[in-house]
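Welcome, and please take a moment to look over the sequence and the structure shown here.

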Amino acid sequence: MEVLLNSGSSSMTRSLGFLIFLILWSPLEVVGGTGTNSSFSNSTSSRPSVVNIGALFTFNSVIGRAARPAIEAAINDINSDPNILKGTKLNLILHDTNCSGFLGTVEALQLMENDVVAAIGPQSSGIAHVISHVVNELHVPLLSFGATDPTLSALQYPYFLRTTQSDYFQMYAIADLVDFYEWREVIAIFVDDDYGRSGISVLGDALALKRAKISFKAGFSPGASNSTIYELLVGVNLMESRVYVVHVNPDSGLKVFSVAKSLGMMSTGYVWIATDWLPSHLDSMQPVDPDTMNLLQGVVALRHYTPDSYLKKSFMSRWNNLKYKETAGPEGFNSYALYAYDSIWLAARALDVFFKEGGKLSFSNDSSLHDTNESTLHLASLRVFDGGQQFLQAILRMNFTGVSGQIQFDSDKNLVHPAYDILNFGGTGSRRIGYWSNYSRLSTVVPEILYTKPPNTSASNQNLYSVIWPGETAAKPRGWVFPDNGKPLRIAVPNRVDFKQFVQNDKNPPGVKGYCIDVFEAAVNLLPYPVPHTYMLFGNGERNPSYDDLVYQVAQNKYDAAVGDVTIVTNRTKIVDFTQPYVESGLVVVAPVKEAKSSPWAFLKPFTKEMWFVTGAFFLFVGAVVWILEHRINHEFRGPPRQQLITIFWFSFSTMFFSHRENTVSTLGRLVLIIWLFVVLIINSSYTASLTSILTVQQLTSGIQGIDSLISSNDRIGVQDGSFAWKYLINELNIAESRLVILKNREEYFISLQNGPKAGGVAAIVDELAYIELFLSSTNCKFSTVGQEFTKTGWGFAFQRDSPLAVDLSTAILQLSENGELQKIHDKWLTVNECSMQLNQAEDQLSLNSFWGLFLICGIACILALTVFCCRVLCQYRRFSPEDEDIEVEEIEPAKSRRSIRSTSFKDLMGFVDRKEAEIKDRIKRKHSNSKQQGSHSSDGQAS
């Protein structure tokens with residue numbers, strides 16, 4: 001926060017510079033309390049009775065009128081408190097800077113002659129810069145309650161301590177506010193001094209992190225007249241942005257709003273954001289004049305946030321009764337009174353710690369400060385505070401709660417927990433719409449509550465209450481308009497040689513026509529505001545222009561936008577903003593094709609070789625499985641070996657036509673056959689459909705199958721003049737530049753493809769699908785696209801970076817797509833005749849990938865059936881004893897009721913399997929019966 005400096009700054013600056021030169025002309029060497037100049041030192045006891053505290057500010061200013069009674073009240077409270085300083089009294093020495101940098105410096109030097117241990121103030125950042133050099137030399141801490149310039153926190157000023165919030169945080173709060181309402185440009189109106197320039201510089205950095213910017217910096221000198229501000233705002237009003245950030249002095253800041261009101265700039269569509277100078281000014285003039293409030297309707301402002309603690313309420317209740325105030329009433333109070341009060345207490349508490357740690361008050365002469373024979377500046381009277389460094393460290397370690405909140409410094413010497421109230425002025429006062437804190441950014445929750453939770457700065461956690469903007473509207477202003485300076489939007493249009501359905505020159509207004517122009521005009525008509533624009537042809541018309549150059553010219557501000565068949569590619573999006581694509585168009589390969597000749601082997605084309613092989617193998621496999629399952633119980637699957645082999649082949653392939661004559665009687669055989677017939681049904685249906693398509697639809701063939709086969713060849717490739725495909729093929733696909741041929745129009749397309757690479761033409765052309773569709777519609781199916789689209793891009797309208805039109809037009813393009821208007825424009829300009837022939841491609845054949853699931857199911861069923869069958873056979877074989885070869889009558893061996901499978905030869909097992917199951921069951925049954933009879937005879941013999 002600043003005070004207004006007097007005019008005549010140039011002469012003041014020269015005098016000030018001369019004074020600084022006199023002070024700092026010799027090397028700066030600080031002499032301690034002992035040494036060669038110890039005779040000049042003055043030491044007191046560790047607890048002196050009186051300690052001098054200096055205060056330096058402009059008494060008759062918005063900040064000064066609030067700070068002076070607060071400082072004097074703090075001195076009185078400290079001197080009346082026996083628990084602080086323990087008998088040492090503070091002696092306050094006040095000096096008035098009178099809003100002058102030169103006088104402020106002189107007053108600072110006079111103040112230092114009084115051997116002060118600390119200086120409170122100043123409120124001006126400009127004066128603080130100069131005085132900081134003095135206190136650095138004299139080792140006297142400078143506690144400023146009003147100098148908010150962020151650059152004062154630099155290491156250059158180690159003895160400068162800010163007891164209020166830095167504008168660094170305030171500017172980041174404004175950047176968050178701008179980002180919250182999705183504005184991308186602001187105009188900064190500021191006072192052109194250290195305070196104003198430094199704050200706006202930080203604002204620019206903060207906005208850049210949000211992808212926003214300051215489009216114009218409107219600075220004016222301190223003490224500028226109304227006419228100067230009038231001329232400044234007139235120029236500002238002609239610009240595009242309608243978001244204004246006002247960072248000026250409290251004593252003269254209302255001039256800006258008064259002039260803006262007279263120019264009609266406080267109406268609907270404007271946004272005014274003021275820094276903390278405005279609330280401080282209004283708080284100090286309670287009650288606020290109604291005429292003043294009429295100037296501020298809809299303004300949003302930031303104010304230093306101070307917690308509503310008991311200490312603060314107690315201090316404010318005393319404000320009207322402070323005997324040091326010249327006038328009664330709340331007039332004069334603002335947040336700087338709290339910071340000034342806490343500054344005195346900070347110095348007192350640190351001084352108490354300083355004494356407890358054994359610090360002593362002693363001042364030494366500085367050999368570098370001496371008077372010449374004719375000098376009357378009394379520089380020799382300025383003495384160095386020997387304990388200044390120790391006292392400074394004590395101040396930096398302080399941590400207590402004051403009337404303004406927690407007083408504690410971070411590593412950058414800023415107060416911890418910076419926060420601001422966000423106010424909206426309207427009616428006869430203001431209302432709080434939220435808070436900003438460095439902890440969680442924008443919120444409607446009091447910062448003290450947020451400090452108890454984990455920090456959350458996500459976009460979804462940023463909240464504010466509703467705002468009444470200028471013009472008494474709750475609708476968020478767009479934040480920009482077209483410049484009211486008679487300059488329409490400059491739109492570059494590519495001057496094409498061919499494919500003029502997209503864009504071409506026209507003798508009638510607006511000078512161009514085509515599909516792209518109609519889409520742009522239709523989108524502009526959907527915007528809720530007028531967009532004055534003029535079209536400007538880009539290119540000589542003899543060949544297509546370079547679209548990369550076109551986009552670059554937009555980025556360089558030669559044009560405001562580019563409208564036409566401009567492809568959205570990565571390198572272009574880095575320098576301009578594109579709208580939503582209104583045409584989807586990727587790169588494709590077009591090559592010569594010829595009608596496929598009929599082949600006597602066309603019936604083999606539906607399946608791939610692998611598919612034919614696996615299908616045939618499964619026919620034989622399933623036939624063999626069914627024969628195994630049926631051989632023992634079905635007489636149709638028995639007979640001589642030759643007959644059985646023929647039966648397997650016949651049964652296998654007859655299932656293809658569902659004409660097998662053999663009946664299956666086993667449960668397992670029927671299960672396998674049902675599953676296999678289902679597989680055959682699917683294969684037959686797919687084969688029939690594919691063969692029908694091959695034989696009935698006229699087919700085209702091409703030697704180029706797609707981009708991969710084109711890359712692997714050494715043939716020449718055609719590329720449209722000016723297309724991004726040239727760089728894409730070279731840089732991304734590593735195709736040699738010598739293979740590429742530039743083609744200017746469709747006639748060259750046709751001739752080059754027709755001649756082919758052997759006759760000086762090209763093997764294929766790589767271009768965007770939108771162009772190829774138009775080209776193919778007039779070639780009578782002599783050419784066709786081969787392979788798939790190998791890039792996915794689109795066409796959009798290009799605008800300069802951060803142009804709000806890009807966002808609004810994207811929304812309009814989506815509306816055109818949803819209501820069908822985009823398709824109507826397409827049908828008007830781009831109706832094409834498609835070729836009825838189909839390109840014959842190898843990938844159209846039915847492959848094993850489409851049927852492996854069916855074969856897997858069938859195979860599993862066969863294996864399970866064979867497993868069950870084998871288990872059953874083995875169980876029967878273990879119960880069966882083969883007949884003796886020398887005896888015709890079968891005998892059952894009593895000692896071997898069951899035989900081990902391991903003792904049986906493989907030939908016996910195969911012989912067992914080859915027998916009929918009914919015979920085997922009958923023999924086992926007879927064996928079981930004979931065993932019972934033999935057992936009964938043996939029991940009768942024992943009884944007799």
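## Before we start

This is a predicted model, in which local features need pLDDT of at least 70, side-chain atom pairs count only at pLDDT 80 or more, and totals for chains, interfaces and linings use all residues. Residues are numbered from 1 along each chain as its sequence is written, and side-chain values use heavy atoms, with hydrogens and water left out.

Helices (H or I, at least four residues) and strands (E, at least two) are DSSP runs, numbered from the N terminus. Two strands pair if DSSP finds at least two bridges between them.

## A parallel sheet and its helices

Let us begin with an open sheet of five strands, whose order is β3-β2-β4-β5-β6 and whose pairing is parallel. At its edges stand β3 (89-96) and β6 (160-162), each with a single partner strand, so one side of each has no neighbour in the sheet. On average, neighbouring strands here are turned by 25 degrees against each other, direction ignored. Axes are lines fitted to C-alpha atoms, for helices over the stretch in contact, and angles run from 0 to 180 degrees between N-to-C directions. Inside the sheet, strand β2 (residues 50-57) runs parallel to strand β4 (residues 118-120), and three bridges join them. Ile53 has Ala118 in β4 as its bridge partner.

Two helices can be found against these strands. Helix α3 (residues 101-112) lies across β2, β3 and β4 and runs at about 180 degrees to β2. Helix α12 (residues 335-356) also packs on the sheet, where it touches β2, β3, β4 and β5 (142-144). The direction of α12 makes about 150 degrees with that of β2. Contact means heavy atoms within 4.5 Å.

## A mixed sheet

Another open sheet of five strands has the order β22-β19-β23-β34-β24, and its pairing is mixed. Its edge strands, β22 (533-538) and β24 (576-578), each pair on one side only. Strand β23 (residues 561-562) and strand β34 (residues 798-800) run antiparallel and are joined by two bridges. Here Ala562 stands opposite Ala798 in β34.

## Two helix pairs

How do α2 and α11 cross? The axes of helix α2 (residues 62-80) and helix α11 (residues 310-319) come within 12 Å and cross at roughly 110 degrees. That makes α2 roughly perpendicular to α11; angles under 35 degrees count as roughly parallel, over 145 as roughly antiparallel, 65 to 115 as roughly perpendicular and the rest as oblique. The crossing of α2 past α11 is right-handed. A crossing is left-handed if the near helix is turned anticlockwise from the far one by less than a right angle, and right-handed if clockwise. On the α2 side, Ala66, Pro69, Ala70, Ala73 and Asp77 meet Phe315, Arg318 and Trp319 in α11. The residues of this contact divide into six nonpolar, no polar and two charged. In this grouping, Ala, Val, Leu, Ile, Met, Phe, Trp, Tyr, Cys and Pro count as nonpolar, Asp, Glu, Lys and Arg as charged, and the others, Gly among them, as polar.

The other pair is helix α15 (residues 515-525) with helix α26 (residues 821-829), whose axes come within 10 Å and cross at roughly 155 degrees. That makes α15 roughly antiparallel to α26, and their crossing is right-handed. Tyr515, Asp518, Val519 and Ala522 in α15 meet Leu822, Ile825, His826, Lys828 and Trp829 in α26. The contact of α15 with α26 is made of six nonpolar, one polar and two charged residues.

## Residues to look up in the loops

The peptide bond from Gly121 to Pro122 is cis, with omega near -5 degrees, and Pro122 is in the loop between β4 and α4 (125-138). The bond from Pro509 to Pro510 is also a cis peptide bond, with omega near 5 degrees. Pro510 lies in the loop between β20 (504-505) and β21 (512-513).

His139, in the loop between α4 and β5, has a positive phi of about 60 degrees although it is not a glycine. Is His139 buried or exposed? At 19% relative accessibility, His139 counts as buried (buried means under 20% relative accessible area, exposed over 50%, partly exposed in between, with a 1.4 Å probe and protein chains only). Phe499 has a positive phi too, near 55 degrees, and counts as buried at 1% relative accessibility.
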